[in-house]
Amino acid sequence: MITPESHPQRLRVAHLNPNAPTTFHLRPDEGVREALAAELGLDALTRLDFRGTLRAHGTDSWLLTATLAARVTQPCVITLKPVRTDISEPVRIQFSPHVAAPEGDEIEMPDETLEPLGNFIDLTAIMVEALSLALPAYPRAEGASLPQAAAADDDAAGDTRRPFAGLDKLLGGKDRES
């Protein structure tokens, strides 16, 4: 598991300058990338770059704008061949003290770019979350496709059954011809 101790990039909010943007550039080394690839179920994570700025937004909020760039290798969902994907994603998050931290097992956040403001802003956690959200859910190797189920298509086209045709007779107890 990637922890802030293994890649310390936590910014204490009280130490941030509200009059000037704080720039950051995270480029984890090979060991951290390998650990992160194992955690996310990737075959490889050969490049990971997270850079941007954090600046005051309004009187009590902070706005993070960044770009995540990565090169990942995942197994194809059909053939299991390695599929390499280049990722380039913009990241925008506003940290506000007026947002309550979510509670419970299943939560729904109304705005995914709005986060509660705590004592720290953990850039590593933001980078890992952005990467996990940007990963292709079903990577496919070039030319890979599922085999066609011709028999299932033929059955569906010729299916003229009417499963509820006699339901009104059963519910009413008799034919409704009156």
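**View 1. The largest nonpolar core.** Of the 31 residues in the largest nonpolar core of this predicted model, those that touch the most other members are Leu45, Phe50, Leu64, Val91, Ile121 and Leu131. At least two core residues come from each of strand 2 (22-26), helix 1 (30-40), strand 3 (44-57), strand 4, strand 5 and helix 2 (123-134). Helix 2 gives the largest share, seven residues. A nonpolar core here is a set of buried Ala, Val, Leu, Ile, Met, Phe, Trp, Tyr and Cys residues joined through side-chain atoms within 4.5 Å, where buried means under 20% relative accessible area, exposed over 50% and partly exposed in between (1.4 Å probe, protein chains only). Helices (H or I, at least four residues) and strands (E, at least two) are DSSP runs, numbered from the N terminus.

**View 2. Surroundings of Leu45.** Apart from neighbours within four places in sequence, Leu45 is in contact (heavy atoms within 4.5 Å) with Arg33, Leu36, Ala37, Ala70, Arg71, Val72 and Leu131.

**View 3. The loop at Leu80.** Leu80 lies in the loop between strand 4 (61-75) and strand 5 (82-96). Its phi is near 65 degrees, a positive value in a residue other than glycine. Leu80 counts as exposed because its relative accessibility is 63%.

**Notes.** Residues are numbered from 1 along each chain as its sequence is written, and side-chain values use heavy atoms, with hydrogens and water left out. The model is predicted: local features need pLDDT of at least 70, side-chain atom pairs count only at pLDDT 80 or more, and totals for chains, interfaces and linings use all residues.
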